[in-house]
Amino acid sequence: MTGTLLNASGCLDALTAPEVARSLDAYVTKTVTPLPREGNPPVRIAETQAGMLNSIGLANPGIDRFLTRSLPQLAKLGIPLWVSVGGFEAAEYAEICSRLDDEQEVTAIELNVSCPNVEAPTESTTQIVAAARFATRKPLWAKLSPAVPDIAEVARAAHDAGADGLSLVNTIRGLKLDDRTLKPVLGTAVGGLSGPALKPVALAAVYACYRATGLPIVGMGGVWTGLDALQLIAAGARRVALGTVLFADPDAPSRIRSELAAEAAARGWSTPADAHGFAQEESLPIEATLDERSRV
Amino acid sequence: MRRERRRVVGTEQVGPYTLLRVERGGLDPGVPGQFFMLEAPGCLLPRPMSLCLAPAGELAFLIDPIGAGTRSLCSLEPRDTLAILGPLGNGFGLDVERPLLVGGGIGIAPLPYLSETLASPPAVLGFRSEWHAQAAELVPNAQVCVEPTLVTDLIPAEMDVLACGPEPMLEAVRLVAPTAQLAWEAPMACGHGACYGCAVEVGGELKRLCVEGPVLC
């Protein structure tokens, strides 16, 4: 399990690029909401110095069409499917989770409680995870935003509410101004920053949340090479998701997989799994937070 | 879906634009109007470029150096290499009886290859200056206008219009030729349907240009 590669939600369409999806260990869908959403007005994409901004706004066909049209086609891919679920209140997350509960093809559910491009859900992560937990027996992964004062606290709340794992991290808000006009490039002005600029943020979040909860973590944020993936595993991630790199290079999964094995081998590990949590100081209990550590 | 690494054969200046010629290798040039994602050295994301010409053994792209990615592509030199993914998207429908090619500015990029494929049909090309209009040399049988004259002033009736250009031009072309095939443009991160960045509103509906376009009717 450790060292397995997924895509970050919204960074791969398995139906238009099935061979890319099959080169991953599991496919995570674009976020599905109760009703269809057209998404945000163009311009939706802008490259920045070490990353990119997106403002897609959860464009998706809605859960009805997802279940009748997309899911049967995705099931034919023959790889585990994780469905990313979004909403604007806990009841909406619960509704979708309960409708996914009987779908044999669905391996796990990722709760997107942290999209930076739509209005935030009105309820807390605790309420959303708890409502979803009540609605499904499927493994639940909470996808968190690093743009909070203490992500470990949110991770603990998700754990307590019944999350089986954490997906870390979602994008953080960023703004690009046109060089000439000094006006925002994106249609919504502000968008979600992804790519290499996000990597240190992701590493810090994985590091803190693994210490805080010990939960299995899908690490993501700016992974471009096998070494990036190994670093997330060393920080505490079990799995690694590829995001922006899939836009630039759809062949990235096979390249990163072989680089990851080589980077682990170069350090004397027989598999990348042996690196799990290596960056954590072993003398400290996993439950200790950075604050507690500073008091030691 | 594999990216191929290809060597640059050369670049040529065409007015303000650069014609970037790369080795074709085993790459399929595709249908006119389809596009390729070109790795832009120093940039994170590749840039979508429609194929301009397909000389023997080569693929050629007409590029306007307006931003970091396009400037980087225009500064490539012979023997540099770049990763190429494509052809992608849907090109022009070629089953037309009375084709008329209509292009504006850098939007003429796919028209030389289209012209070649359709045996040099008449074309109407519009540019913002005489300097930009030098690119008209790439399209045979073309009537050229420079602002303030607009291409829509020159489109005869009852032609099968195949057009590419800036959005206002395409909207105007659609008014005078409602059945025109229009090649649209939008910033895109991936070119293969993943990012939803290139969604444009056409007829009140958002469409992903990379998989449903870039040519839309």
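Tutor: In chain B, 6 strands form an open sheet with mixed pairing, in the order β9-β8-β7-β10-β11-β14. Here strands (E, at least two residues) and helices (H or I, at least four) are DSSP runs numbered from the N terminus, and two strands pair if DSSP finds at least two bridges between them. This is a predicted model, in which local features need pLDDT of at least 70 and side-chain atom pairs count only at pLDDT 80 or more, while totals for chains, interfaces and linings use all residues. Residues are numbered from 1 along each chain as its sequence is written, with chains lettered from A and ligands numbered from 1 in the order in which they are written.

Student: In which sense do β7 and β10 of chain B pair, parallel or antiparallel?

Tutor: Strand β7 (residues 99-104) of chain B and strand β10 (residues 160-164) of chain B are joined over 5 bridges. One bridge links Pro99(B) to Asp160(B) in β10(B). The sense of the pairing of β7(B) with β10(B) is parallel.

Student: Which residue takes a positive phi in the hairpin of β12(B) and β13(B)?

Tutor: Strands β12 (residues 199-202) and β13 (residues 205-208) of chain B pair in the antiparallel sense over 4 bridges, and Val202(B) has Glu205(B) as its bridge partner. The hairpin has 2 residues between the strands. The residue with a positive phi, near 60°, is Gly203(B).

Student: How is α4(A) oriented to α5(A)?

Tutor: Helix α4 (residues 125-135) and helix α5 (residues 151-160) of chain A pack with their axes 8 Å apart at an angle of about 25°; axes are lines fitted to C-alpha atoms, for helices over the stretch in contact, and angles run from 0 to 180 degrees between N-to-C directions. Angles under 35 degrees count as roughly parallel, over 145 as roughly antiparallel, 65 to 115 as roughly perpendicular and the rest as oblique. The orientation of α4(A) to α5(A) is therefore roughly parallel.

Student: Why is α4(A) described as largely enclosed by the rest of the structure?

Tutor: A residue is buried if 20 or more other C-beta atoms, placed from the backbone, lie within 10 Å of its own, exposed if 12 or fewer, and partly exposed in between. The buried residues of α4(A) include Ile128(A) and Ala135(A), and their cover includes α3 (90-100), β6 (106-112), β7 (140-144) and α5 of chain A. The description holds because the buried residues of α4(A) number 8 of the 11.

Student: How is α5(A) oriented to α6(A)?

Tutor: The axes of α5(A) and helix α6 (residues 199-213) of chain A come within 8 Å. They cross at roughly 45°, which means that the orientation of α5(A) to α6(A) is oblique.

Student: How many residues of α7(A) are buried?

Tutor: Helix α7 (residues 226-235) of chain A is mostly covered. Its buried residues pack against α6, β11 (217-219), β12 (239-242) and α9 (252-266) of chain A. Of the 10 residues of α7(A), the number buried is 9.

Notes. Two residues are in contact if their C-beta atoms, placed from the backbone, lie within 7 Å.
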